Amino acid sequence: MDVFEILLTAGFWAATLRIATPLIFGTLGELICERAGVLNLGIEGIMTMGAMCGWMWVYMGGDLTSGVLFAAFIGALFGLLHSIFAVYLGLSQHVAGIGITMLGSSLSYFVFRMLLPNATTPPKIDAFENVAIPVLSDVPFLGPALFNQTPMTYAAFVAVIGVWYGLHRTPLGLAVRMVGENPLAAEAQGINVLAVRTGAVMFGSALMSVGGAFLTMSAFDAFFFGMINGRGWICVALVIFASWNPGKALFGALLFAGIDAWQVRVQQLPGVNIPYQFFLMAPYVLSILAMIMVSRKALYPKALLVPFRRGERT
Amino acid sequence: MRLEPRQTIPMWMVLSAPVMAIITALVVCAGLVMWAGEPVLQAYWLLFKGAVGTRFALTETLTRATPMILTGLAAAVAFRAKLWNIGGEGQFYVGALMATWLGSGMVVLPPWLMIPFLLITGALAGGFLLLVPAILKNKLKVDEVVTTLLLNFIVLLFVNFLLEGPLKDPMSMGWPQSASIIDEGVLPGIVSKSRLHLGFFIAMGAAVIVWAIMRFTVWGYEIRAVGFNAAAAAFSGIGVKRTVVLTALLSGGLAGIAGVGEVAGTKGYLTLDLSPGFGYAGIAVAMLAALHPLAVIASALFLAGIYVGADSMSRAINVPTYIADVIVATCVLSVLVSLMLTRFRVRLR
């Protein structure tokens, strides 16, 4: 097998979808926040929190579906917290976001240690299992590659369509985009800018949290320290790469996941003598390259990073 | 409710802002201690004693504060210019890497030359690492938050590679660690029977120098002007891009020196766990200091005390040591609010 034959294996495509799932959720979440004009650097911490909370819910006896909803709820709470700082008080979105990330990660570890003080090997839960879609999963090659995933992966694809439709085809989505482009005009239309921004940040944070929960409830069955490992930051880069567009975000996440799935397999080929660390660097290096590639035509939402205070012209 | 800018900001208010933030953080985190089922006052008393209660505790806190002063300065300088350098961790490691590479036998100089040599090369390494995001920001408007963050992961993997390959100490019994820094390059201890080393004075000196630069030089003025209003600064003839580059070199250099200090002072050799997040802690240090270089010293001492004290507290009672990180995070968020309250008056209507 050579480096290109990998692309012809069903396992590679299945892995690509699996690796892409948390990135899709995280990127969609960040995209919604930024479309409303709020940078959410809390993503890394919110994903950690989602990973811990969803897992813990199930470990404590809850079922998987309500665990995902619980993770989403906690994510929305962190989104509300970020909104209080970044939207209502109009504080530095950079610093507030970093603070939320620090809080989310440290609180996750604290709660995990608190509830499981003596856990040496990470305890496990019965995670989501693959659900084969009838008929489609029987198609040769494509079936096992694409249609035998966990429910959360299917949900990620549904979420892309939902977010695209919501943002671009509904009045609410128009309001979200408007407060991110021209909040004064939105206000003139009778839109409550602060409320719409808060709602967008809460919903986006809930999606990020679900992305984190995927890791502990679907991809793996345990919670590890540091398991988000920069995925949140990659999502922030992917949003720019996707120029704030849900469809392109899906493409970006799949491209990244594909390269990631590919490098894992190339590592194992005989005769490949590149140290594994360089393969592991690939997603981070690629994220930077992707940002450089689109930098010339990046069209930021005009009011991104600009706090809105009622009755004040800027 | 509306916010009204204050005409004048009284000094006592500026000074009390971090204190209020710390009190808020401790009150909020008291909830976590109560949840753990331990008495709050006793827990904080144990934390306090663990940080400064004994001679050993005190020197440990000062040792821990040393890199935090430097990474705190790195963040403070960069944030002043609104250059969002979140890459202190990466710059710390390239500084440490440079010191290890040059200092474990490749270059041999007498101590009075060797130590400055390691500090300067480490600073250059850190500075040049931040130069990459700074130039990308200048030339292509690539967001530096994401690039500096991602570089942290890249640098750590690169260090991992070197420690398992070219830089691995053959005598280390299989552990991924480097050879030791040669004696000439080791920062001498300054208090007997402790880990406290010359790096502490270097960090204090750096804070004074950075303060002087920011306060008295044209360059410092330009950094502040660019951060305050880049468009106005450009209009008045300040080279904004040049200022961003110089800020990046200074900021990255400070974080790089922190790495040199840990390798050549505290630990003596390079490992992958050299930093328990000093780069990220630097952001908290800088924020709690309201980006003031001299206040960074006090802020770093306080936060280092929280980390050291929490370690000791968690051994005595049933509160996980991660409480320290929660307190630090809460401090960052609450100081943001308390600093805002110094600038604005809240009017309830």
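Helix 8 of chain B packs through its buried residues against helix 3 (55-80), helix 7 (199-216), helix 9 (230-235) and helix 10 (240-267) of chain B. Two residues are in contact if their C-beta atoms, placed from the backbone, lie within 7 Å. Helices (H or I, at least four residues) are DSSP runs, numbered from the N terminus. The model is predicted: local features need pLDDT of at least 70, side-chain atom pairs count only at pLDDT 80 or more, and totals for chains, interfaces and linings use all residues. Residues are numbered from 1 along each chain as its sequence is written, with chains lettered from A and ligands numbered from 1 in the order in which they are written.

Helix 8 spans residues 218-228, and its buried residues are Glu222(B), Ile223(B) and Val226(B). They lie on the same side of helix 8 of chain B, because they cover an arc of only 100 degrees around the axis. Buried means 20 or more other C-beta atoms within 10 Å of the residue's own; exposed means 12 or fewer, and partly exposed falls in between. The arc is that of the directions from the helix axis to the C-beta atoms.

Two loop residues of chain B were then examined. Lys141(B) lies between helix 5 and helix 6 of chain B. Lys141(B) is not a glycine, yet has a positive phi of about 60 degrees. Lys141(B) counts as partly exposed, with 13 C-beta neighbours inside 10 Å. Leu291(B) sits in the loop between helix 11 and helix 12 (293-316) of chain B. Its phi is also positive, near 65 degrees. Leu291(B) counts as buried, with 21 C-beta neighbours inside 10 Å.
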